[in-house]
Amino acid sequence: MNGTKTGNRKKIVVVFCTIFLGMMVLAGRLVYLMVFKSEYYGGKAQSLHQRERDIKAARGKILDINGNVLASNRSVCTISVIHSQIEDGEKIIRVLSRELEMEEETVRKRVETYSAIERIKSNVSKETGDRIREYKLAGVKVDEDYKRYYPYDDLASKVLGFTGGDNQGIIGLEVVYDEKLKGTNGKILTLTDAKGVEIEDAGESRLDPVDGSNLRISLDYNLQMYAQQAAEKAIQAKEADSVSILIMNPSNGQIMTMVNLPEFNLNEPYGLPEGSTYASSEEKQELLNQMWRNGCINDTYEPGSTFKVITASAALEAGVVSLKDNFYCPGYKIVEDRRIRCARTSGHGAESFVEGLENSCNPVFIELGMRLGVEQFYKYFSQFGLLAKTGIDLPGEARTIMHEQKNVGQVELATISFGQSFQITPVQLATTISSLINGGKRITPHFGVQVEDQEGNVKEVFDFEPSTQIISEKTSATMRTLLEKVVSEGGGSKAYIEGYQIGGKTATSQTLPRSAHRYISSFMCFAPVTDPQVLCLVIINNPQGVYYGGTIAAPVAKELFLNILPYLGIEKAATGTEDTKADTEQE
């Protein structure tokens with residue numbers, strides 16, 4: 001009997017201890033939740049009774065160097081529905097499908113979706129949004145929003161880029177400087193009951209948005225217009241596939257103009273050119289990608305004789321040639337088993353180094369390449385920055401496509417020396433030549449100048465100061481003088497303007513395969529020779545008929561400089577050179 005009583009007492013003790021321990025665990029959990037996690041779960045509880053809607057921040061403007069607005073915003077609306085607040089769904093469907101010009105079934109599907117808030121359509125015009133607001137439809141929300149707007153449609157389209165549906169940058173400067181431009185959205189918090197219905201007279205709490213900063217860039221609206229019009233004339237006159245024009249300050253790398261014709265309409269960036277055909281969404285996207293490509297930085301090409309500026313600079317800097325050296329051109333040069341011809345197949349005969357540059361004589365530059373040798377030539381490629389990207393503040397920059405040094409034989413060395421058998425971007429070529437004629441300082445090409453607030457106060461200035469000294473000032477000055485002679489006395493004579501000291505270099509190169517007989521005509525020039533303030537590179541892709549760079553690209557540059565030099569305040573200086581220039585063989 002006593003044993004039974006003892007056993008019962010033990011059971012009672014066990015049950016009591018179990019209950020006590022359970023209560024202690026629950027109490028501990030309660031203390032943990034109420035004390036240590038109170039803020040977290042308080043927030044969760046509050047969120048069950050709050051509905052959050054974004055107030056869109058205005059994206060910062062993009063301004064040209066003079067303050068002209070190149071990208072701004074237009075007020076639009078976003079139309080949404082809150083399912084728990086809808087009183088007359090059929091009326092909402094009828095009104096929204098009519099006002100938004102949407103299929104009724106599409107609207108119905110979104111209206112009947114069980115979600116806290118369902119977007120029906122964004123980027124709705126403010127007029128349409130105001131009309132919908134006047135219906136006072138329960139459950140329908142009309143929120144103010146912004147849509148990116150480009151006042152000049154296709155001007156500098158491949159430089160500026162555009163934004164997506166949420167106003168984020170997609171290509172161009174819009175994506176590179178997205179963090180500076182985008183701002184911070186605000187919020188509207190509305191109290192609701194347990195069913196998600198807004199509580200009348202509860203009011204709303206509001207966190208105001210912070211608008212994005214403005215971006216001032218070095219591009220000049222007026223110069224861009226000059227260049228785009230010149231490119232349009234060239235593309236029509238020569239029935240060319242495309243024309244690129246790059247104008248920059250060779251002393252600091254600021255880009256004043258970048259034209260890539262054909263451009264596209266920034267306000268309708270997904271509209272393909274008339275006549276475009278595609279069989280799938282993938283094919284359409286590829287066509288769009290091609291339309292958006294910036295040829296100045298995304299594409300490479302054989303530079304041809306403009307590259308002779310680089311070969312000559314390396315040879316002078318290395319001391320393997322002097323201005324007094326003489327050469328002989330029979331119209332070709334034999335390299336191993338190859339007969340590499342000159343542009344003048346009859347030959348230039350005896351000529352000095354200076355005349356070889358004026359004549360753009362291939363045999364002279366082949367000889368310079370041989371004197372430099374592969375190892376030394378590649379040392380200068382690296383020193384000049386040709387084997388790396390320029391660091392331009394645009395996305396998708398391509399690298400120079402060059403032979404590996406170990407694979408370069410005498411034939412490859414010969415063709416590289418006059419600008420063939422490798423590929424380079426236009427911006428890399430312009431940057432390198434700028435660095436060679438500005439006193440020898442390597443520059444970084446760029447558009448970004450500074451970030452400003454909405455009142456125009458400067459918040460940040462970008463630093464793109466010239467860095468490495470890549471050649472001596474003496475070599476740089478010599479190259480400027482030699483290139484002036486190319487315009488005043490050589491193949492660049494069609495770019496000559498009386499009273500201005502202009503240096504330049506022509507080029508004509510072929511695309512692959514050579515059998516297609518497709519050419520690229522180009523011309524590089526700068527002014528004034530004594531203190532370069534502007535450099536221009538014109539590239540005409542696949543011109544029909546006459547295709548020599550000195551014949552068709554140089555006149556485009558001349559027309560540009562006739563407008564640009566006075567506009568920039570660059571004054572004429574007596575050169576003592578006659579205005580009438582005799583034509584030389586073209587390249």
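What share of the contacts in the protein with a separation of 6 or more is accounted for by residues 24 or more positions apart? Such residues account for 72% of these contacts, where contact denotes heavy atoms within 4.5 Å. The structure is a predicted model, in which local features require pLDDT of at least 70, side-chain atom pairs are counted only at pLDDT 80 or more, and totals for chains, interfaces and linings use all residues. Residues are numbered from 1 along each chain as its sequence is written, and side-chain values rest on heavy atoms, with hydrogens and water left out.

The protein contains 18 helices and 19 strands, defined as DSSP runs (H or I of at least four residues for helices, E of at least two for strands) and numbered from the N terminus. Of the 587 residues in the protein, 49% are buried. Burial refers to relative accessible area: buried is under 20%, exposed is over 50%, and partly exposed lies in between, as computed with a 1.4 Å probe on protein chains only.

Val-107, Arg-108 and Val-111 are the buried residues of α4. Viewed down the helix axis, these residues fall within an arc of 100° and therefore line one face of α4; the arc is taken over the directions from the helix axis to the C-beta atoms. In general, an α-helix has 3.6 residues a turn, so residues three or four places apart point the same way. The buried residues of α4 pack against β3 (69-81), α3 (89-99) and β4 (118-125). On the face turned away from the buried side, α4 carries the exposed residues Glu-105 and Lys-109.

Helix α10 (residues 281-292) comprises 12 residues and reaches 16 Å from its first C-alpha to its last, close to the expected 16 Å at 1.5 Å a residue; the expected span is 1.5 Å times one less than the number of residues. Leu-288, Met-291 and Trp-292 are the buried residues of α10. These residues cover an arc of only 90° around the axis, which puts them on the same side of α10. Helix α6 (157-160) is included in what covers the buried residues of α10.

Electrostatic pairing was considered next. Side chains of opposite charge can pair when their charged atoms come close. The structure holds 26 salt bridges, each being a side-chain nitrogen of Lys or Arg within 4 Å of a carboxyl oxygen of Asp or Glu. One of these joins the side chains of Glu-104 and Arg-108, with an N to O distance of 3.6 Å. The two residues are 4 residues apart in helix α4 (residues 104-111), and are therefore separated by about one helical turn. Glu-104 is partly exposed at 37% relative accessible area, whereas Arg-108 is buried at 18%.

A salt bridge also connects the side chains of Arg-518 and Asp-241 (2.7 Å, N to O). Arg-518 lies in the loop between β17 (503-510) and β18 (519-527) and Asp-241 in the loop between α9 (221-237) and β9 (242-248), so the pair ties together parts that are 277 residues apart in sequence. Both partners are partly exposed, Arg-518 with a relative accessible area of 33% and Asp-241 with one of 36%.

The side chains of Arg-514 and Glu-302 form a further salt bridge, at 2.9 Å from N to O. This pair links distant parts of the chain, 212 residues apart: Arg-514 is placed in the loop between β17 and β18, and Glu-302 in the loop between α11 (295-298) and α12 (308-318). Arg-514 is partly exposed, at 30% relative accessible area, while Glu-302 is buried, at 7%. Through shared partners, salt bridges join Glu-90, Glu-104, Glu-105, Arg-108 and Glu-112 into one network.

Lys-56 is situated in the loop between β1 (50-55) and β2 (62-63) and is buried, with a relative accessible area of 19%. Its side chain makes a polar contact with the side chain of Asp-145 at 3.4 Å. A polar contact is a pair of N or O atoms within 3.5 Å; within protein, one atom must be able to donate a hydrogen and the other to accept it, and residues adjacent in sequence count only if both atoms are side-chain atoms. Apart from neighbours within four places in sequence, Lys-56 is in contact with Glu-144, Asp-145, Tyr-146, Asn-185 and Pro-209.
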